[in-house]
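The following note sets out some numbered points on the model shown below. Please read them alongside the sequence and the coordinates.

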Amino acid sequence: MDAMTNNPGTLADPVEFYGTKVNSRLLLGTAQYPSPAILSEAIRASGAEIVTVSLRRESGAAKAGQSFWQLIRDLGVKVLPNTAGCKTVKEAVTTAEMARELFGTPWVKLEVIGEDDTLQPDVFGLVEAARILSRDGFEVFPYTTEDLVVAEKLIGAGCEVLMPWGAPIGSGRGLNNPYGLRSLRAHFPGVPLVVDAGVGVPSHAAAAMEMGYDAVLLNTAVAKAGDPVRMARAFARAIEAGREAVLADPMEVRDMAAPSTPVMGRAVLGQ
Amino acid sequence: MMTSPHTESTECAARGANAMRVKIVGAGVAGLTCAHAFAKRGAQVTIVERKAGTGQGCSWFAGGMLAPWCERESAEPIIAELGFESLDYWREAVPDVPREGSLVLAPARDLPELKRFSRRTEGYEWLDGAGIAALEPDLDGRFEQGLFFPTEAHLEPRKALAALTAKLVDEHQVKIRYEADGFESEQGAEDEIDLTVDCRGLAARDQLADLRGVKGEMLVLYSTEISLKRAVRMLHPRIPVYIVPRGDGHFMIGATSIENDERGRVTGRSMLELLSATYALHPAFGEAEIVEIGADVRPAFPDNLPRLRKRGNTIYVNGLYRHGFLAAPALARRAAEVAFDGAYFPEVMDEDHRQW
């Protein structure tokens with residue numbers, strides 16, 4: 001491949017989710033910010049074009065979260081409603097239906113949580129809910145593990161995007177299983193893959209992008225930073241750097257040193 | 001009347017024929033502290049409250065922590081600044097404001113939260129298990145590390161506002177009209193008012209379009225098996241909780257913070273979270289009696305910071321969010337200076353909210 005003629009620029013390098021092209025490869029969650037004003041500034045600083053919004057808890061008895069959701073709508077970014085906090089298929093499906101009505105989008109980030117301490121996805125419930133929602137016309141972004149077989153089943157259920165975790169939600173541990181994430185990437189070369197959850201610092205996000213992931217979704221790492229706006233910017237740059245690196249075709253790892261300057265005038269020039 | 005340097009006398013002298021006539025709408029913590037601030041400046045104050053008593057809106061459900069350093073962890077520096085002023089105010093204005101400090105703890109597996117908390121603020125000392133036990137003997141052996149903020153205090157919001165109400169009526173001749181909305185047209189009533197101070201909280205959304213509600217849920221427990229001298233915060237990445245001792249075996253546990261504006265409805269999950277955090281602080285709470293559960297909606301602007309807004313002859317005092325008792329007295333003092341001295345306080349009067 002000739003990188004010079006391909007001339008890949010990050011600006012003209014959109015990623016496509018269910019036929020919608022976006023230029024920013026950073027997706028941001030909207031929970032836990034010190035204030036909506038700081039959230040809004042962080043989103044602007046990050047350049048994110050897609051934000052996730054949770055509905056389960058905010059909705060209350062009579063969709064009482066209207067003012068916050070209106071603030072989100074007013075940001076002018078695409079909303080990816082999520083089913084955070086849902087633990088059963090039924091709960092997730094109901095929440096997704098409400099989200100579609102509220103935000104007028106078929107997109108849903110599907111979370112079915114199986115375990116409270118790690119917020120680990122219940123992959124069985126996830127596949128089932130994904131099948132129900134896909135049949136009903138939803139465009140499902142499933143929050144899953146890096147398990148290949150689960151990924152296959154999600155694709156079979158109608159998902160056209162996969163969102164494996166880096167590490168448990170909010171843990172900030174980065175990419176716990178780089179091998180697993182790499183295999184997933186290799187296994188599904190044509191499916192948009194987003195590392196979702198567990199990302200703590202920008203280098204984690206850059207590493208995911210260098211593995212060839214299409215985008216990174218995060219929330220806590222920005223929202224709980226001392227300066228969320230600055231951290232949002234840092235992540236945007238890291239993700240751009242990682243993407244640029246993939247397009248630039250990184251060098252291979254070697255076991256031996258390979259000096260970049262020829263070692264002239266030495267007795268041994270290499271075997 | 002003899003003129004004397006004594007404040008009360010000066011105040012009475014000022015409250016003569018030429019006294020500024022101020023109507024305060026809303027008798028929550030904002031309205032009552034404003035009434036106090038204006039009365040101290042010699043205004044003739046009438047409070048109009050739609051309920052049958054004072055402090056029955058979201059002030060009723062407040063935690064009453066006067067913890068400017070702790071709030072510094074998540075709030076902007078201005079909140080701490082207002083908080084220091086308010087802390088002094090409460091200790092002078094009402095009885096029973098023990099300055100016992102506050103304690104911030106985390107279960108062993110959430111210690112990173114404690115470190116994060118400590119990085120964001122000041123005014124604390126690190127304690128080890130023995131240090132924690134020395135302050136709160138009932139917590140002996142339960143926590144390895146904690147933060148102690150010695151200069152902070154707490155109060156019982158309902159008692160504090162009742163005491164302030166009595167003081168306003170008895171010492172400052174403040175009149176209170178209950179079960180009135182403050183906007184009914186009474187004959188000649190409006191002519192007799194020089195200034196309206198609107199302290200209605202979320203109800204003022206009809207005038208302040210950028211206000212939103214943030215729901216908070218709380219409960220009160222009763223136990224004789226455990227006693228605490230000071231407010232304790234339990235950190236958790238998702239469910240931070242505080243426990244404020246209210247005396248006589250009562251403890252206020254709060255508070256959720258949910259982005260919606262529904263009043264009065266407490267969910268099972270919220271109670272589960274508040275109770276399990278309390279149980280983690282001490283198992284004795286597992287046997288405690290649930291005395292009360294409650295929920296209300298805090299008024300907040302998009303930056304979660306309070307604001308004074310002057311429009312014509314109305315001053316709006318609003319957006320106190322989670323910081324009612326912590327910020328109200330300092331805002332009230334500023335509101336009175338705006339009215340009497342034409343003062344301007346950019347830190348709370350700047351209209352720029354980092355708008356959406």
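Is D116(A) buried, partly exposed or exposed? D116(A) is partly exposed, its relative accessible area being 42%; here buried means under 20% relative accessible area, exposed over 50%, and partly exposed in between (1.4 Å probe, protein chains only).

1. Basis of the note. This is a predicted model, in which local features need pLDDT of at least 70 and side-chain atom pairs count only at pLDDT 80 or more, while totals for chains, interfaces and linings use all residues; side-chain values use heavy atoms, with hydrogens and water left out. Residues are numbered from 1 along each chain as its sequence is written, and chains are lettered from A and ligands numbered from 1 in the order in which they are written.

2. Confidence in chain A. The mean pLDDT (the predictor's confidence in each residue, from 0 to 100) of chain A is 87, and 87% of its residues score at least 70. Within chain A, helix 1 (residues 3–6) has the lowest confidence, with a mean of 40, whereas strand 10 (residues 163–164) has the highest, at 97. Over residues 1–10 of chain A pLDDT stays under 50, and the model has 7 contacts beyond four places in sequence for them; contact means heavy atoms within 4.5 Å. Where pLDDT is low, the predicted coordinates should not be read in detail.

3. Overall make-up of chain A. Chain A has 10 helices and 12 strands, taken as DSSP runs numbered from the N terminus (helices H or I, at least four residues; strands E, at least two). Of the 271 residues in chain A, 52% are buried. Among contacts in chain A between residues at least 6 apart in sequence, 65% join residues at least 24 apart.

4. The salt bridge of D116(A). D116(A) forms one with K87(A), with 2.9 Å between the closest N and O atoms. This pair links distant parts of the chain, 29 residues apart: D116(A) is in the loop between strand 7 (113–115) and strand 8 (120–121) of chain A, and K87(A) is in the loop between strand 5 (78–82) and helix 4 (89–103) of chain A. K87(A) is also partly exposed, at 38% relative accessibility.

5. The side chains of E71(B) and R322(B) form a salt bridge (3.5 Å, N to O). The two residues are 251 apart, E71(B) lying in helix 3 (residues 68–71) of chain B and R322(B) in the loop between strand 16 (314–318) and helix 9 (324–341) of chain B. E71(B) is buried, with a relative accessible area of 6%, while R322(B) is partly exposed at 32%.

6. R212(B) forms a salt bridge with E259(B), the closest N and O atoms being 2.8 Å apart. Because R212(B) lies in strand 10 (residues 212–222) of chain B and E259(B) in the loop between strand 13 (250–254) and helix 8 (268–281) of chain B, the pair ties together parts that are 47 residues apart in sequence. Both R212(B) and E259(B) are buried. The side chain of R212(B) also makes a polar contact with that of N304(B) (3.0 Å); a polar contact is a pair of N or O atoms within 3.5 Å, and within protein one must be able to donate a hydrogen and the other to accept it, residues adjacent in sequence counting only if both atoms are side-chain atoms.

7. N304(B) and chain A. N304(B) sits in the loop between strand 14 (289–300) and strand 15 (307–311) of chain B and is buried, with a relative accessible area of 5%. A polar atom of its side chain lies 2.7 Å from the backbone oxygen of P34(A). Leaving aside neighbours within four places in sequence, the contacts of N304(B) include S35(A), P36(A) and Y321(B).

8. Strand 6 of chain B. Strand 6 (residues 145–149) of chain B is largely enclosed by the rest of the structure, because 4 of its 5 residues are buried. Strand 6 of chain B pairs in the antiparallel sense with strand 4 (residues 102–105) of chain B over 4 bridges, two strands being paired if DSSP finds at least two bridges between them. Strand 5 (residues 125–128) of chain B likewise pairs with strand 6 of chain B in the antiparallel sense, over 4 bridges. S102(B) stands opposite F149(B), and W126(B) has L147(B) as its bridge partner.

9. Cysteines. The whole structure has 0 disulfides over all chains, a disulfide being a pair of cysteine sulfur atoms within 2.5 Å. For C86(A), the nearest cysteine sulfur is that of C159(A), 16 Å away; C86(A) is buried, at 0% relative accessible area. The sulfur of C58(B) is too far for a bond, because the closest cysteine sulfur, in C199(B), is 12 Å away.

Terms used
A salt bridge is a side-chain nitrogen of Lys or Arg within 4 Å of a carboxyl oxygen of Asp or Glu.
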